[in-house]
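Please read it alongside the sequence and the coordinates.

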Amino acid sequence: INGAAACVDGKAIFGGCDGYLHIVDIVTGQASAKVNVSTYVPGSAPTQNELSYVGDYDGGFTCVNIDQKKIVWKYANSKNQLPFVASAAITGNRVVTGSRDKHVYCFGKSDGQLIWQFPAGEKVDASPLICRDKVLIGNMRGDVIILNLADGKRVASFELGTPIFANPAVTDQQIFVGGGDGKIYCLGK
């Protein structure tokens, strides 16, 4: 298990190296179900209401209904099968995630429709962060990129020059990012 578990309605939901999304009763610790999504689930499984979202090493991104214990929709890039390592961010009717195919994707939360796709220039293993109407991402080249949530257009970018493995954090007017060089970077006032 590489990602953090989501805890919703007395259930822990998480993926694993076995390719399943596991649903476990928090009180008893007993497995209540598992849904086969791929060969390997590398990140966390953010969950909102009954829908959980996971990427996989096969190049797929899957939405699972944890109440019905079935796949609702699945996206797979027909041009490559590079992993979705980043955990997704959810807001409103959208879910945003990054891929090792050097793109950031925004899908319709309930139907999986591709709303926009942004070429990030390098692998995106760090989980995106949605802050109001913006999306913050970090890539393995060391770029922090701010996108419009509505259309995926670049608003700003900052080059740190060191790989970014983890999601950024935001305060009122500052962005904090941990770099692969062991330093914490603060952007803003």
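A residue is called buried under 20% relative accessible area, exposed over 50% and partly exposed in between, with a 1.4 Å probe and protein chains only. The model is predicted, so local features need pLDDT of at least 70 and side-chain atom pairs count only at pLDDT 80 or more, whereas totals for chains, interfaces and linings use all residues. Residues are numbered from 1 along each chain as its sequence is written, and side-chain values use heavy atoms, with hydrogens and water left out.

**Overall fold**

- The protein chain has 19 strands and 0 helices; these are DSSP runs numbered from the N terminus (strands: E, at least two residues; helices: H or I, at least four).
- The radius of gyration is 16 Å, which agrees with the value near 16 Å for a compact globule of 189 residues; the radius is taken over C-alpha atoms, and the globule rule is 2.2 Å times the number of residues to the power 0.38.
- Along the principal axes, the C-alpha atoms fill a box of roughly 45 × 35 × 30 Å.
- Of the 189 residues, 48% count as buried.
- Among contacts (heavy atoms within 4.5 Å) with a separation of 6 or more, 33% come from residues 24 or more positions apart.

**Nonpolar cores**

- A nonpolar core is a set of buried Ala, Val, Leu, Ile, Met, Phe, Trp, Tyr and Cys residues joined through side-chain atoms within 4.5 Å.
- The largest such core has 14 residues, and those with the most contacts inside it are Val96, Val104, Trp116, Phe118, Val135, Ile137 and Leu147.
- At least two residues of this core come from each of β11 (103-108), β12 (114-119), β14 and β15 (143-148).
- A second, separate core of 13 residues includes Ile13, Val35, Val37 and Ala45.

**Largest pocket**

- A pocket is an open set of points on a 1 Å grid over the protein atoms alone, where a 1.4 Å probe fits, with protein on both sides within 12 Å along at least five of seven lines; lining residues have an atom within 4 Å of a point.
- The largest pocket has a volume of about 240 Å³, a volume being the space filled by probe spheres set on the points, which are joined across faces, edges and corners.
- It is lined by 15 residues, of which Val170, Thr171, Asp172, Gln173 and Ile175 are the closest to its centre.
- β14 (134-138), β18 (174-178) and β19 (184-188) each give two or more residues to the lining.

**Selected residues**

- Lys102, in the loop between β10 (94-98) and β11, is partly exposed at 38% relative accessibility, and its phi is positive, near 75°.
- Asp9 lies in the loop between β1 (6-8) and β2 (11-15); Asp9 is exposed at 67% relative accessibility and has a positive phi of about 50°.
- Most residues other than glycine have a negative phi.
- Val41, in the loop between β4 (31-36) and β5 (47-48), is buried with a relative accessible area of 1%.
- Ile184, in strand β19, is exposed, with a relative accessible area of 66%.
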